[in-house]
Amino acid sequence: MDAPRFPNLHVSQHPLVAHKLALLRDRSTEPKKFRELVRELSWLLGYEAMADLTTQPITVETPLEPMAGAELEPKVGLIPVLRAGLGMVDAMLELMPSAEVWHIGLYRDERTLKPVEYYNKLPDAATVQVCLILDPMLATGGSSSATVDILKQWGAARLKQISLIAAPEGVATLSAAHPDVDIHVAAVDRALNERGYIVPGLGDAGDRQFGTFAGPSSEPGHDPDDETAEVVRRLQRNLAGEP
Ligand code: PRP
Ligand code: URA
């Protein structure tokens, strides 16, 4: 993707990320292995995404003498987007055991591809300064834009989206709506298909983690609906800068 057009987009160049992502995409990777890979990739992407967090100086007493050390300055919140974001939380908590975890429940309407909110227990005012939104797939960008809207209204000062795979259409939508949000991904794929799935992608990240396969009619490549296909075409025109 055109990097200068999206200065907020960070695509990992780490060989371990590339290796694990190929295993994750493989259709023969079963849910147990898939969950392990989601966790490992989240750890690696999270590590990269937090490289610019600020620290404050502290004094540490080693067994030999005091020395100048550092501790993380901002309070960090992890925001897994249900369901698929759940698989990314444990890895991030390993990196930052004191992070707060606030869940947001959204599902994507299959026809309109619009996000539908069903769970939000955020308190009235923000309790953290940096929010890391965890969702493996950034497809149309609707779910992530809606999550950012919710978190900005809550009062979160700084936001980062961590996803495993993005579609160009989703990067464009999120960046246009929220250019201040950093996007960290393992890969940006070719496009969305007519059902709004990322291609080549990995299929449905929630179903593959949790083993919930509802049969051929719910598969990512099956029978596009006219309304859905038009939503995708509109996003693709936006991406190309066409009216
Ligand atoms: C998936 C995914 C994202 C969303 C991305 O969730 O985990 O939340 O789709 O699509 P978008 O960028 O077009 O909004 P889904 O709606 O399938 O719900 P699930 O996690 O409960 O399976
Ligand atoms: N949600 C997924 O799980 N996969 C996609 O490709 C798009 C949305």
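I began with the ligands, counting a residue as near a molecule if its C-beta atom, placed from the backbone, lies within 6 Å of it. Before going on, I noted that this is a predicted model, in which local features need pLDDT of at least 70, side-chain atom pairs count only at pLDDT 80 or more, and totals for chains, interfaces and linings use all residues. Residues are numbered from 1 along each chain as its sequence is written, while chains are lettered from A and ligands numbered from 1 in the order in which they are written.

**Ligand 1**

Which residues come nearest to ligand 1? Of the 24 around it, I found Ala84, Arg108, Thr140, Ser143 and Gly206 to be the nearest. The elements giving two or more residues to this shell are β4, β6, β9 (137-138), α4 (142-154) and α6. For element names I used DSSP runs numbered from the N terminus: helices are H or I with at least four residues, strands are E with at least two. By class, I have 12 nonpolar, eight polar and four charged residues around ligand 1. My classes put Ala, Val, Leu, Ile, Met, Phe, Trp, Tyr, Cys and Pro as nonpolar, Asp, Glu, Lys and Arg as charged, and the others, Gly among them, as polar.

**Ligand 2**

Around ligand 2 I listed Ala84, Met137, Ala139, Tyr197, Ile198, Gly201, Asp204, Ala205 and Gly206. That shell has six nonpolar, two polar and one charged residues.

Most residues other than glycine have a negative phi, and most peptide bonds are trans. I therefore looked for exceptions to this. A cis peptide bond joins leucine 82 and arginine 83, with omega about -5 degrees. Arginine 83 sits in the loop between β4 (76-82) and α3 (89-95). Valine 199 and proline 200 are also joined by a cis bond, at an omega of about 0 degrees. I found proline 200 in the loop between β13 (198-199) and α6 (205-210).

How many bridges join β6 (residues 104-108) to β7 (residues 115-120)? I have five, and the strands run antiparallel; two strands pair if DSSP finds at least two bridges between them. Leucine 106 has glutamate 117 of β7 as its bridge partner. Six residues lie between the two strands of this hairpin, and leucine 113 in the turn has a positive phi of about 65 degrees, although it is not a glycine.

**Helix pairs**

First pair: α1 (residues 15-25) and α2 (residues 31-49) pack at about 155 degrees, with axes 10 Å apart. My axes are lines fitted to C-alpha atoms, for helices over the stretch in contact, and angles run from 0 to 180 degrees between N-to-C directions. That angle makes α1 roughly antiparallel to α2. I counted angles under 35 degrees as roughly parallel, over 145 as roughly antiparallel, 65 to 115 as roughly perpendicular and the rest as oblique. Their contact has 11 nonpolar, no polar and two charged residues.
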